[in-house]
Amino acid sequence: MVNTEMKMKLLVGWLVVGLLVASACSDPDDSQVATLTETKPPAPVEVTQDAPPDPPPPAAEPPAAPEVTPAEAPTAPEPESPPEPEPPPLPQGELDAAAVAALISTIDAAQSGVTSSREQLYLTLQLSFGGQSAGSVSDVPFTLSTTVGDLTHIQMDPAALAALSGFEDGMPQPAPAGAQPFEMVLDGSSQQLYVKLGPLAALDPGEQPPELASLAAQRGAELADLWGRADLAGDLPPFLGGVGLGPQPSQAEFLALLKAASDSGSILEARADGSGQVASVATQVYTFVIDLAKLIADLPPFLEGFLGGPGAGGVPPDDLLGSLAVPLATEFTLHVGGDGLARQVGFDLDLGEILMAVFSGFGEMGETPDGADIEFPDIEYRVAMRFETLAVNDPSLVVTLPDPALVVDLP
């Protein structure tokens, strides 16, 4: 707070009045007596008439104002624009449940006005046993998604797919030389998934799905030009899952998870962490700690796939979650722009406790001597994902469905 001290100076003057007193003095007249001697008449008095006074000189005319040419004409100073108001300080510190609910409501209202967007998904996986690394994939640019209305175009980096496959197998795998990005188009209104078959046809012969040859024969076209169509309401063709193709996580699912945590009281901590920046957009950063054990029924599919450990999937049973020494907590990070839009959403989760509980259960079922203790090494299985928004409501973003003449139904 700034205190302003106003100082006033009072000037006091004294008025000195001088009184002037004038005194007038007059002398008495002298008396004269006339004698009877010869008296001469007084000489006539010559009376002269004074000449009239000269007329006063004419008043001087005021000087003419100098001519001002347009070039010399003074210009009125332009009014100064008021200074830009300083932005309010960003919130800092702990947030209560009411503040979190209000924040989520603001984001929901802003996101409802989004008609197009482009988002990049980054993925980190780290696995270690007893402090020794067993595999690591750090900040891989996994998918690039462009959404316009109900259509979403998804591009997957083949190098990222190879890195994830190598992580699960425990053997690093380089991306095939000259590999094309995998492409998919998701039609949300009809729940149809379109997969470009050209990148699949470019795989090594041992990795190509055997169904591709018959699909090319259906249209009599080059396989590289065809798109395969699958119904999301049913089971997807197994060969798509084998190469990691199918519905991908979305930012909307991340935000839905945060809202479910707020509604169910599963947010253990919430705080505002000051300013940030995403794709040259200034943001306010928020961090939450969420207990996922309370949200098992509401977990999005992308998260369910990690809970069983590397190479597995499925949600752990309630008794297993109840046996954990610590809560199944994830750190959830959110960047919000000045317009209320989510500019970055991500989570960071360590599933090592679940794996250790699973392995302990296997040990109890095995044949061990009475009283023998089975010691398992500390396991860390870190899963981190984040979405960065690159563009919002950009008219240059376009997504179209494939040409129907080049679409074949996947078996």
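## Burial and overall make-up

Of the 411 residues of the protein, 34% count as buried in this structure, which is a predicted model. The secondary structure comprises nine helices and 13 strands. Among contacts in the protein with a separation of 6 or more, 70% are accounted for by residues 24 or more positions apart.

## Helix α2

At the start of α2, a side-chain oxygen of D157 comes to within 3.0 Å of the backbone nitrogen of A159, while after the helix comes G170, which has a positive phi, near 75 degrees.

Several residues of α2 are buried, namely P158, A160, L161, A162, L164, G166 and F167. These buried residues pack against five strands, which are β2, β3, β4, β5 (182-187) and β12. An α-helix has 3.6 residues a turn, so residues three or four places apart point the same way.

## The second largest pocket

The second largest pocket holds about 680 Å³ of space. Its lining is made up of 30 residues, and those that lie nearest the centre of the pocket are E119, T147, T152, S250 and A252. Sorted by class, the lining of this pocket contains 12 nonpolar, 14 polar and four charged residues.

Rolling a probe the size of a water molecule over the atoms shows where empty space is left. How many cavities of 30 Å³ or more does the protein have? The count comes to one, and the largest cavity has a volume of about 30 Å³.

The residues that line the largest cavity are I104, I107, D108, L255 and L258, and the elements that give two or more residues to this lining are α1 and α6. The most is given by α1, with three residues. By class, the lining of the largest cavity has four nonpolar residues, no polar residues and one charged residue.

How values were computed
Residues are numbered from 1 along each chain as its sequence is written. This is a predicted model: local features need pLDDT of at least 70, side-chain atom pairs count only at pLDDT 80 or more; totals for chains, interfaces and linings use all residues. Side-chain values use heavy atoms; hydrogens and water are left out. On a 1 Å grid over the protein atoms alone, a cavity is a set of points where a 1.4 Å probe fits but cannot get out, and a pocket is an open set with protein on both sides within 12 Å along at least five of seven lines; lining residues have an atom within 4 Å of a point. Grid points are joined across faces, edges and corners, and a volume is the space filled by probe spheres set on the points. Ala, Val, Leu, Ile, Met, Phe, Trp, Tyr, Cys and Pro count as nonpolar, Asp, Glu, Lys and Arg as charged, and the others, Gly among them, as polar. Buried means under 20% relative accessible area, exposed over 50%, partly exposed in between (1.4 Å probe, protein chains only). Helices (H or I, at least four residues) and strands (E, at least two) are DSSP runs, numbered from the N terminus. Contact means heavy atoms within 4.5 Å. A polar contact is a pair of N or O atoms within 3.5 Å; within protein, one must be able to donate a hydrogen and the other to accept it, and residues adjacent in sequence count only if both atoms are side-chain atoms.
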